[in-house]
Amino acid sequence: MKYLTEESIENIATGAAVLGTGGGGDPYIGKLLAKEAIKKYGPVKVITMDELDDEALVVPVSGMGAPTVTIEKLSTEEEIIKPVNKLEEILGKKVDVIIPIEIGGTNSLVPVVAAAKKGVPILDADAIGRAFPEAQMVTFYLEGYDSSPVTIADEKGNCAVIYPINGIWSERLARALTVEMGGKMTICDYSLSGEQVKKAAIKGTLTLAEEIGSILNLMKDSKEAIDSMIDKLDGFKLFEAKVIDIKRKLSGGFTKGFVEFKGINNDESEYSILFQNEYLIAKKNEKTICTTPDLISILDYETGKAVTTDKLKYGMRVICVSFPCNDKWRTKKGIETAGPKYFGYEEEYVPVEKLYNKFIEEE
């Protein structure tokens with residue numbers, strides 16, 4: 001039996017920001033929300049997939065919106081819990097277990113607030129293994145599960161229920177409401193049985209985030225910590241550089257843009273990363289070195305902590321790393337759902353380990 005503590009919340013926030021690939025919300029905000037909920041309602045029990053009852057009602061709770069908005073419009077307890085209560089009312093049954101829909105800075109910890117308030121456990125799993133910008137980009141959609149009914153709430157007290165025909169329409173309808181609600185809101189979708197979740201979810205990701213966070217928070221040498229984390233995740237260090245240009249805009253409920261870098265430490269190469277809430281494509285001298293659905297994370301050069309898309313600044317020195325995505329995203333449907341072509345880029349998806357080996361050979 002395991003319970004979330006303030007220390008574990010601290011580590012999850014740090015680790016989830018790395019796995020969140022620039023999105024998923026500000027980890028600092030998520031950390032504050034989760035810690036306050038635990039202080040108010042008591043410890044939250046964490047259960048594994050093996051401990052999950054097949055008949056349990058499992059509900060994801062997450063924030064939807066643009067990172068540049070979420071750092072200014074903080075979530076409230078009422079906003080987080082209202083979609084859960086509305087879903088229980090519609091289904092006529094109580095939620096048994098809360099699950100994070102993704103592993104990202106805030107979205108790994110918003111579910112802790114709901115679990116603490118409802119007095120139910122949180123599942124050590126999620127439906128992506130990273131963060132993605134759109135609602136259908138989850139393994140529940142890949143498995144063919146119905147996302148309906150979907151409940152939505154904002155900080156003003158508004159609450160909406162939609163019955164989309166599939167995950168794609170869930171994204172379209174919910175995103176339109178997100179824009180009208182001021183660029184952010186809280187959502188519950190894909191309410192599933194424990195049996196369904198066991199088939200589709202990615203297990204152990206809260207624990208993984210905590211372990212990554214522990215490495216980055218406890219090791220004094222940030223470079224050693226990053227190397228240790230890369231080894232743990234079978235990842236790659238793509239480059240060390242400084243930010244020389246960044247363009248961000250709020251569009252359609254997303255933060256979209258690009259960032260350009262110049263190499264440091266005798267590296268004269270130029271690098272760039274394209275993003276839509278999350279980092280999607282990394283390039284070196286215009287050649288692609290990593291693409292979605294593999295993970296791209298930008299870390300602060302001095303601290304080793306992840307830098308989200310809304311926190312990037314001119315002159316910032318960073319280390320860019322990459323990790324292979326879960327195998328579920330390397331299927332045909334996975335690549336169609338969250339590969340580079342879906343986002344309008346011409347690149348074909350090539351696993352990061354192949355791109356990296358090619359990148360090394362050409363050096």
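Reply: Aspartate 234 has its place in the loop between H10 and strand E13 (236–251). Helices (H or I, at least four residues) and strands (E, at least two) are DSSP runs, numbered from the N terminus. The model is predicted, with local features needing pLDDT of at least 70 and side-chain atom pairs counting only at pLDDT 80 or more, while totals for chains, interfaces and linings use all residues. Residues are numbered from 1 along each chain as its sequence is written, and side-chain values use heavy atoms, with hydrogens and water left out.

The phi of aspartate 234 is near 55°, a positive value in a residue other than glycine. Most residues other than glycine have a negative phi, and most peptide bonds are trans. Aspartate 234 is exposed, at a relative accessible area of 56%; the cut-offs are under 20% for buried and over 50% for exposed, with partly exposed in between (1.4 Å probe, protein chains only).

Threonine 21 also has a positive phi, near 50°. Its loop runs between H1 and helix H2 (27–41). Threonine 21 counts as buried because its relative accessibility is 0%.

One joins serine 148 and proline 149, with omega about -5°, and proline 149 is in the loop between helix H6 (139–142) and strand E8 (150–153). Another joins threonine 292 and proline 293, with omega about 10°; proline 293 lies in the loop between strand E17 (287–291) and strand E18 (295–300).

H9 (residues 205–218) has 14 residues and spans 20 Å from its first C-alpha to its last, where the expected span is 1.5 Å times one less than the number of residues. Its buried residues include Leu206, Ala209, Ile212, Gly213 and Leu216. An α-helix has 3.6 residues a turn, so residues three or four places apart point the same way. The buried residues of H9 pack against elements including helix H1 (6–19), strand E12 (202–203) and helix H10 (222–232). Contact here means heavy atoms within 4.5 Å.

Elsewhere, helix H4 (residues 77–91) and helix H5 (residues 110–118) pack at about 65°, their axes 9 Å apart. Axes are lines fitted to C-alpha atoms, for helices over the stretch in contact, and angles run from 0 to 180 degrees between N-to-C directions. Lysine 118 is in H5 and partly exposed, at 26% relative accessible area. Beyond its neighbours within four places in sequence, lysine 118 touches Ile81, Val84, Asn85 and Glu88.

On the cysteines, the structure holds 0 disulfides, a disulfide being a pair of cysteine sulfur atoms within 2.5 Å. For cysteine 159, the nearest cysteine sulfur is that of cysteine 188, 9.2 Å away. Cysteine 159 is partly exposed, with a relative accessible area of 31%. The sulfur of cysteine 325 is too far for a bond, because the closest cysteine sulfur, in cysteine 290, is 8.9 Å away. At 7% relative accessibility, cysteine 325 is buried.
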